[in-house]
Amino acid sequence: MKRQFLAGVFLVAFLLSAPASEAPPQLKPFGRGSWQDVLHSHAGHPTIVHFWGVTCGPCKVELPLLGEFMKGHPAIDVVTISADLVPDLPGATRSMLEKSGLSAAENWIFSDGFVERLRFEIDPGWQGDIPRTMLISREGAITTIEGSAEMADVERWSDQQRAATK
């Protein structure tokens with residue numbers, strides 16, 4: 001078990017240090033009303049919304065996995081939202097997204113100093129823990145994963161979305 005964990009850590013470190021060939025990711029400012037913009041722009045499409053932050057250890061492990069998932073599932077919309085409490089981290093945010101293969105995702109960054117208001121708009125019960133992943137079906141049903149998402153669960157959800165179109 002310990003060896004598997006260490007192997008995973010080394011793999012993630014390698015992926016994060018590998019040179020990226022994608023264009024730098026664009027960051028949209030996430031403020032009041034942005035959550036509704038995300039929901040409306042992806043209505044009718046299966047969408048993964050991943051909340052993360054550059055100071056979040058588990059996020060550093062999860063982002064490259066999400067980048068790999070995105071490459072293999074072009075029919076699933078992927079949205080990342082940097083919900084870090086540390087302000088003014090756009091450079092570090094872009095770097096992590098680029099190294100994780102998420103430059104082509106729709107990327108947002110909290111841009112309102114009153115983060116509690118932003119979290120409340122997304123989910124009144126959310127206390128701000130990250131990582132946090134929301135799987136939004138084509139019909140708009142939302143499944144929330146608190147903490148690190150198991151990619152096998154995300155794959156099963158993706159398969160269900162694909163089956164629903166047949």
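## Strand pairing around β5

Strand β2 (residues 47-52) pairs with β5 in the antiparallel sense, over 5 bridges. The model described here is predicted. Within this pairing, Thr47 has Ile136 of β5 as its bridge partner.

Strand β5 also pairs with strand β6 (residues 142-146), again in the antiparallel sense and over 5 bridges. Here Ile136 stands opposite Ile142 of β6. The hairpin of β5 and β6 has 5 residues between the strands, and Gly140 in this hairpin takes a positive phi near 100°.

Ser137 is found in the loop between β5 and β6. Because its relative accessibility is 8%, below the 20% cut-off, Ser137 counts as buried. Apart from neighbours within four places in sequence, Ser137 is in contact with His45, Pro46, Trp157 and Gln161.

## Nonpolar cores

The largest nonpolar core has 24 residues. Those with the most contacts inside this core are Ile48, Trp52, Phe69, Val78, Leu102 and Val154. The elements that contribute two or more residues to the core are β2, α3 (57-72), α4 (90-99) and α6 (151-164). Helix α3 supplies the largest share, 5 residues.

A second, separate core has 16 residues, among them Ile81, Ile122, Trp126 and Met134.

## Aromatic pairs

The count of aromatic pairs comes to 4. In one of them, the rings of Phe30 and Trp108 have their centres 5.6 Å apart and their planes at 80°; the pair is therefore edge-to-face. Phe30 lies in strand β1 (residues 27-30) and Trp108 in strand β4 (residues 106-110), so the pair ties together parts that are 78 residues apart in sequence. Phe30 counts as buried at 1% relative accessibility, and Trp108 is buried with a relative accessible area of 7%.

Trp35 and Phe51 form a tilted aromatic pair, with 6.0 Å from centre to centre and 45° between the planes. This pair links distant parts of the chain, since Trp35 is in helix α2 (residues 34-41) and Phe51 is in strand β2, 16 residues apart. Both Trp35 and Phe51 are buried.

Ring pairs also link Phe30, Trp108 and Phe110 into a cluster.

How values were computed: Residues are numbered from 1 along each chain as its sequence is written. This is a predicted model: local features need pLDDT of at least 70, side-chain atom pairs count only at pLDDT 80 or more; totals for chains, interfaces and linings use all residues. Side-chain values use heavy atoms; hydrogens and water are left out. Two strands pair if DSSP finds at least two bridges between them. Helices (H or I, at least four residues) and strands (E, at least two) are DSSP runs, numbered from the N terminus. A nonpolar core is a set of buried Ala, Val, Leu, Ile, Met, Phe, Trp, Tyr and Cys residues joined through side-chain atoms within 4.5 Å. Buried means under 20% relative accessible area, exposed over 50%, partly exposed in between (1.4 Å probe, protein chains only). Contact means heavy atoms within 4.5 Å. Rings of Phe, Tyr and Trp (its six-membered ring) pair if their centres lie within 6.5 Å; planes under 30 degrees apart count as stacked, over 60 as edge-to-face and the rest as tilted.
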